Amino acid sequence: RHVVTALAVVALIGILVRTVVSLLDRGQVLPAHVQAILDLRVSKAVYYLLLPGVAVLFRPDRCRRFVRATYSILAPVMVIGFVWPLTFVEFKKQDLAPPTALFEQYAEAPVADRNIYIFMFDAWTHDVVFGEQGMLEEMPNLKELLRTATCYHRAYSGGTLTYISVPRFLLQTDKHFASLSPGEVANLTYARKAIGADSIFTHADAFVRVVSGFGLSYEQFVGSSVEHCSSFHAHIAMPQFANVKDLLWTQMAWVRHFGVSLRPEPYHYLVWAEGQKKMHRLALDVIAKLNAPTFAFFHYYVPHWPYVWNREGLKQELPENGVRWSHIVEDYRDNLRYVDTLLGEITGALKATGKFDGALLIVMADHAWREDPEVLSLDTAEEEADPQSRLKHLPLIIKEPYQHQAAEVNTPVYLTDLYPLMEPSLR
């Protein structure tokens with residue numbers, strides 16, 4: 001009986017320690033190298049088993065009293081298990097349905113020789129690819145595009161967060177909207193109500209305008225001035241409670257080693273991964289099937305979390321929460337290799353349809369990689385106020401119509417000032 005009691009106490013202390021370590025991990029409190037040490041199996045054996053075991057061996061009575069008191073305090077948390085069914089996550093995947101009517105309307109039209117395609121990726125830092133330790137050599141499709149495009153090495157987004165930078169890019173032609181503070185832009189985005197401002201698409205009546213993207217309600221920004229608009233985003237009821245529930249699930253994940261699954265539903269981030277696939281298929285369909293002059297904007301959700309991609313597509317072994325903090329740099333670079341694959345398929349589709357040479361093609365990102373261990377300590381408010389913040393420094397590649405030579409620009413360029421560059425192609 002005493003042995004069973006001692007083992008039970010050791011297990012309970014181990015679970016408590018695991019909770020503390022997990023909170024430190026999820027809160028990104030510890031430096032990356034410390035977190036990497038804690039993630040080692042040897043380290044886990046020490047703080048899950050060895051230390052609790054030693055404590056029980058030398059102070060059994062104190063350990064029992066400590067465990068009894070702690071779990072008496074935490075017992076009300078079990079009520080959460082009964083409330084959990086009240087929460088839900090609704091993913092609006094159906095919004096990404098292709099504009100079939102537009103495809104049919106222009107099926108017999110001759111291939112247009114002027115088109116504008118904007119591909120905005122998510123959380124792509126310039127220096128990860130183009131810096132001294134950059135991985136440009138590992139991105140052959142990007143290198144091929146750069147042979148006939150201009151690379152802007154000092155390009156900056158309009159914000160450090162998607163819900164600020166993307167609206168500022170799309171509505172950069174509206175003087176009133178351009179004057180709004182980051183907080184005012186964020187509040188308008190959260191409201192999800194039609195803004196009614198001029199956008200980069202407002203005066204492009206000679207084009208079929210297509211907008212599709214992640215994370216925002218794009219209809220509120222450009223819905224009245226485009227022929228097709230679709231969004232992919234999630235709505236979470238009781239979001240704070242959902243976060244607590246998710247943390248509790250992760251704390252019991254260890255029982256899977258004994259063949260017990262407490263979370264039978266598929267990983268939630270796979271829904272976002274499927275949405276990314278649908279977004280890419282939609283973009284390729286617009287290129288291949290929409291023959292009228294096209295002005296299209298696509299916001300891709302990579303190389304942003306979840307870190308589940310490689311050059312071939314989805315990885316075979318997937319992390320439980322879409323991230324391995326101890327391998328985050330390596331996994332982020334894998335996501336960038338997938339970006340290179342996407343770029344190859346995009347340029348391949350443009351060339352196959354005869355649209356590459358005459359197109360204005362813009363490749364960029366909404367902001368830099370915010371989970372980069374090198375920038376985690378930066379103050380978000382200060383970085384948002386800095387127009388040349390590291391959190392805004394991103395790649396900008398522009399292939400102008402009939403451009404056949406590579407070029408580089410090393411003076412500052414801001415995504416919120418790109419409309420004049422688009423205007424010649426809009427005439």
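Buried means under 20% relative accessible area, exposed means over 50%, and partly exposed lies in between (1.4 Å probe, protein chains only). This is a predicted model, in which local features need pLDDT of at least 70, side-chain atom pairs count only at pLDDT 80 or more, and totals for chains, interfaces and linings use all residues. Residues are numbered from 1 along each chain as its sequence is written, and side-chain values use heavy atoms, with hydrogens and water left out.

**Salt bridges**
- The structure holds 14 salt bridges, each a side-chain nitrogen of Lys or Arg within 4 Å of a carboxyl oxygen of Asp or Glu.
- Glu138 pairs with Arg333, with the closest N and O atoms 3.5 Å apart.
- Glu138 lies in the loop between helix 7 (126-130) and helix 8 (140-146) and Arg333 in helix 15 (residues 328-352), so the pair ties together parts 195 residues apart in sequence.
- Glu138 is partly exposed, at 30% relative accessibility.
- Arg209 and Asp205 form a salt bridge at 3.4 Å, N to O; Arg209 is buried at 8%, while Asp205 is exposed at 60%.

**Helix 14**
- Helices are DSSP runs (H or I, at least four residues), numbered from the N terminus.
- The 21 residues of helix 14 (residues 269-289) should span 30 Å at 1.5 Å a residue, and the end C-alpha atoms are 30 Å apart, which agrees; the expected span is 1.5 Å times one less than the number of residues.
- Buried residues of helix 14 include Trp272, Met279 and Ile287.
- Asp285 and Lys289 form a salt bridge (3.9 Å, N to O); Asp285 and Lys289 are four residues apart in helix 14, about one helical turn.

Notes: Helix = DSSP H or I, 4+ residues; strand = E, 2+ residues; numbered from the N terminus.
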